[in-house]
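I opened my notebook to record what I looked up in this structure. Here are my entries, in the order I made them.

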Amino acid sequence: MPFQLRSSTKPIFLFIPILLISSLVILSQVSVVEGGSTEHKTQKLIIGVPGNASFKNFVKITSSSQNPNEKNYTGFCVRVFEEVWKRLGYPVTNYEFVEFNGAYDDLVANVANKTYSAAVGDITILAERWKDVEFTEPFTESGLSMVVPVKPSQKAWMFLEPFTLGMWLAAASVLVYTMFIVWFVEHRSNPDFSGPWNDQLGNALWFTFSSLFLAHREKIQSNYARIVVVVWLFLALVLTQSYTANLTSMLTISRLRPKLLSHSNVGCDESSFMKKYVEGVLNYKNVSLIRDEDAYLRAFETGSISAAFLEIPYAKDFVNRNCRKFSIVGTTYRFGGFGFIFQKGCGLAADVSKAILELSENGTLKMLEEEWLTPDKECLKSETTTENIDSLSLQNFWGLFLFSAATSSICFLLFLGHLVRDYLRHQSSQVADVNASNESVSIKTVRVARYLMNAEIGSPWRSPSSNRAVLEIDMC
């Protein structure tokens, strides 16, 4: 009987040619990738490096001491590329740096027309450049910042700024309230708070203010007043220490509030994009193009510019080297960072981008930043910042004020309760006269008020040295 295929197995044989064709396509793609990778490993890359970098910490080209024609390429950007190349595993001899003395846009154009295989340096990633070349991932923070000279604040009433108005009013209210409680409790028996009304008021004010500096000499006899004073002293200690710390910060850290108008003179790098951005987007009319770091310093010293717009890496490096003279302020304007460029369609750009991300994740990129962009020693000792020091408000201390006021109120009510209790005891021990029931409410109110103002109480809450066995009551 001749062999026959079942109808169910026929579709399987139909897919065999398709599978063979797919396998051949995959193998061809793998061979292309391996061939491209091998080409990168064997072909020598000619890499352009900008020779007129504004800040030498990013790209620095020097002549060799042994051979003047031989160039040494260093700087943060060059070191990042060297680490990336090591990460890729390619031989160091597979690339050659070539100095390019021209505009950055011209350097990009030379990569686009294949004069250079790639370019390494402080090259900003821009949309206009993206259409001609392949950019890698940025290896620096992106954006534009404003740098201004440090001008310490000079104000006649600066000593009031550590606290807000509400904070000052709250502190004054608690001070007066504490003074009243201490006086009310102590003036009956304590000679330091007795005497004529003007002396009592003066002594109470003096005690409360001097307690701010722990300089009071008056002795407190009532335990109620002692509790009030202890809480007040704790509040005063916190307030004085906070005031001192905040005022010190305001005096030592410059508060920069630049008021740049559209006609103010500002500076930026010698870049067509920077000039267009500062004039067109930020609307500054008088823009000076400045070449390098030394030129920025001269421009600030001569007063030809009031501020400088620098890319964030430049701004940080500039301020790190001149932290006592300049600072970064204002809003950061976001756009691309620094990246390496390759010819359009070059697969090496993706490999380099991946290597940059790996360097960022394993901390190598941060190590290179610390090596090349570290602040000077003087700047490390004094961490100067441009953030404004906020005045301390009532929201920071409302709990402490509430605790002090509540403690004073409780002690006052307890002391008042003892006075009322002793008054009732005294009234019950007195012989009722005929006219007592005919007295008006106002007369009785005055009688009670005079008692509360002048009576002395004997209670376990008054210290033994001042406790009295007999109540001296003026009922007249």
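**Entry 1: strand β10.** I looked up both faces of β10 in this predicted model. On one side, Ala 307, Phe 309 and Glu 311 are all buried.

Next I asked which strands pair with β10. Strand β7, residues 144-149, is joined to β10 by four bridges, and the two run antiparallel. I found Leu 144 with Glu 311 as its bridge partner in β10. Strand β8, residues 265-269, is joined to β10 by three bridges, and here the two run parallel. Gly 267 has Ala 308 as its bridge partner in β10.

**Entry 2: Ser 264.** I found Ser 264 in the loop between α7 (223-252) and β8. Is Ser 264 buried or exposed? Its relative accessibility is 11%, and the cut-off for buried is under 20%, so Ser 264 counts as buried. I then checked its contacts, leaving out residues up to four places away in sequence. Ser 264 touches Tyr 284 and Asn 286.

**Entry 3: an open sheet.** I traced five strands in the order β4-β1-β5-β12-β6. They form an open sheet with mixed pairing. Which strands stand at the edges? They are β4 (95-100) and β6 (133-135). Each has a single partner strand, so one side of each is left without a neighbour in the sheet.

I looked at β1, residues 45-50, next. Six bridges join β1 to β4, and the two run parallel. Gly 48 has Val 98 as its bridge partner in β4. Helix α2, residues 76-88, packs on the sheet and touches β1, β4 and β12 (341-343). Its direction makes about 165° with that of β4. Helix α11, residues 348-361, also packs on the sheet, touching β1, β6 and β12. The direction of α11 makes about 160° with that of β12.

**Entry 4: two helices.** I looked up how α5 (residues 165-186) and α6 (residues 197-211) pack. Their angle is about 125°, and their axes are 9 Å apart. The two helices are therefore oblique to each other. The crossing of α5 past α6 is right-handed. From α5, Leu 175, Met 179, Val 182 and Trp 183 take part in the contact. Their partners in α6 include Trp 197, Gln 200 and Phe 207.

Key: Residues are numbered from 1 along each chain as its sequence is written. This is a predicted model: local features need pLDDT of at least 70, side-chain atom pairs count only at pLDDT 80 or more; totals for chains, interfaces and linings use all residues. Side-chain values use heavy atoms; hydrogens and water are left out. Axes are lines fitted to C-alpha atoms, for helices over the stretch in contact, and angles run from 0 to 180 degrees between N-to-C directions. Angles under 35 degrees count as roughly parallel, over 145 as roughly antiparallel, 65 to 115 as roughly perpendicular and the rest as oblique. A crossing is left-handed if the near helix is turned anticlockwise from the far one by less than a right angle, and right-handed if clockwise. Contact means heavy atoms within 4.5 Å. Buried means under 20% relative accessible area, exposed over 50%, partly exposed in between (1.4 Å probe, protein chains only). Two strands pair if DSSP finds at least two bridges between them.
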